[in-house]
Amino acid sequence: MGGLPCASKCGNKAVLKRPKTGAALCKPCFFWSFETEIHFAIVDNGLFERGDRVAVGASGGKDSTVLAYIMKTLNDRYHYGLELILLSIDEGISGYRDDSLETVKRNSQQYDLPLKILSYEELYGWSMDRIVAQIGLKNNCTFCGVFRRQALDRGAALLGVNKIVTGHNADDIAETVLMNILRGDVARLQRCTAITTKDRDANSTDLPRSKPFKFTYEKEIVMYAYFKGLDYFSTECKYSPNAYRGHARTLIKELEKIRPSSILDIINSGEDLKFTNLVEEKLPTKSKCTKCGFMSSLSVCKACLLLEGLNKGIPQLGNAQKMKVYWHVP
Ligand SMILES: Nc1ncnc2c1ncn2[C@@H]1O[C@H](COP(=O)(O)OP(=O)(O)OP(=O)(O)O)[C@@H](O)[C@H]1O
């Protein structure tokens, strides 16, 4: 940093430039700003109440490792009164998830947080390795994403927690905003930008899911993990090229280079769009799956449909969009 003084005037020399604000800071002042911003995101948005039992979705990657560390740090520092439990879903991807779960096991010891691991194999009778062997690489992310979403709910129910937090960060949310616009799916914009998602039906058993990193930049999460020396796993999933999200990601990274505020600006735009009733009506209403009892917008949930397709050897069964096109073919 060429000997610049820390912008917070603490008297130290700056060692880094904050990607979000451009401020030159020393390490302790960066840690303090990073942690305090997340504390305010939690408090200002009322994410927790004293006595909450909170499952931290822990994959062993940088985001959820920093999330587990920060939740523990802030819970102790500000006496939130939360009971924190790490919840990991083992998708059954050899050479990837098995290694990252070893990291989560170490994190559990390092942060003194209990850990529950639940696998696709035990929940659905299928590992992602077997699913990919059956269906190939195309669409495998759909299976993985749908199963993971439900697996976190199932794990939360087993643990008896009343809230779930995940490490989705500001970059992830901005990407999702762009993807929803590019797909013509603006009805989902408000849900994808919400810091907490919870079914609108007050009687629903759907657990609130929160993203304490909604305003946190990915680059700062990496910096924080690096300077704190946190133990995380950094290999990409071997099955997930996810090309479409990749394009949105590249575009956002380019925009961030020119104007760092772009990430938050995209999120704000997603939040501020006003919808007509017509658009609101497009949003599915959530109820319970008649087969498994977990949350669904259809009478049978997507996870049960996909599973039925796999078990019957017709994996395209659960892919509703494909079926729609298929039915209209003369
Ligand atoms: N296998 C898993 N088990 C538990 N939680 C998970 C798992 N995979 C993802 N999550 C949760 O969902 C969040 C977003 O996951 P995604 O795969 O999009 O992330 P990522 O940006 O690579 O995150 P991470 O760096 O934490 O792996 C994670 O931060 C984590 O909280």
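Student: What should I know about numbering and confidence before I start?

Tutor: Residues are numbered from 1 along each chain as its sequence is written. The model is predicted: local features need pLDDT of at least 70, side-chain atom pairs count only at pLDDT 80 or more, and totals for chains, interfaces and linings use all residues.

Student: In what order do the six strands of the open sheet stand?

Tutor: Strands are DSSP runs of E, at least two residues, and helices are runs of H or I, at least four residues, both numbered from the N terminus. Two strands pair if DSSP finds at least two bridges between them. Here the order is β5-β4-β3-β6-β8-β7, with mixed pairing. β5 (115–119) and β7 (196–197) each have a single partner strand, so one side of each is left without a neighbour in the sheet.

Student: Which strand is joined to β6 by two bridges?

Tutor: Strand β8 (residues 209–210) is joined to β6 (residues 163–165), and the two run parallel. V165 has S210 as its bridge partner in β8.

Student: Which strands does helix α6 lie across?

Tutor: Contact means that the C-beta atoms of two residues, placed from the backbone, lie within 7 Å. Axes are lines fitted to C-alpha atoms, for helices over the stretch in contact, and angles run from 0 to 180 degrees between N-to-C directions. α6 lies across β3 (53–57), β4, β5 and β6, at about 140° to β4. Helix α3 (residues 97–110) lies across β4 and β5, at about 165° to β4.

Student: Which residues come nearest to the ligand?

Tutor: A residue is near a molecule if its C-beta atom, placed from the backbone, lies within 6 Å of it. Of the 16 residues around the ligand, G57, G61, D63, S64 and G167 come nearest. α2 (62–78) and β4 (83–90) each supply at least two residues of the shell.

Student: How is the chain divided into domains?

Tutor: Domain bounds come from an automatic or database domain assignment. Domain 1 covers 24–289 and domain 2 covers 290–330. Their contact takes 21 residues from domain 1 and 18 residues from domain 2. On the domain 1 side, α6 gives the most, with seven residues.

Student: Where does UniProt place the C-terminal domain feature?

Tutor: UniProt positions use the numbering used here, feature names are shortened, and annotations may be inferred rather than shown by experiment. An unreviewed UniProt entry places "domain: Cytoplasmic tRNA 2-thiolation protein 1 C-terminal" at residues 288–317. Over residues 288–317 the chain is 37% helix and 10% strand.
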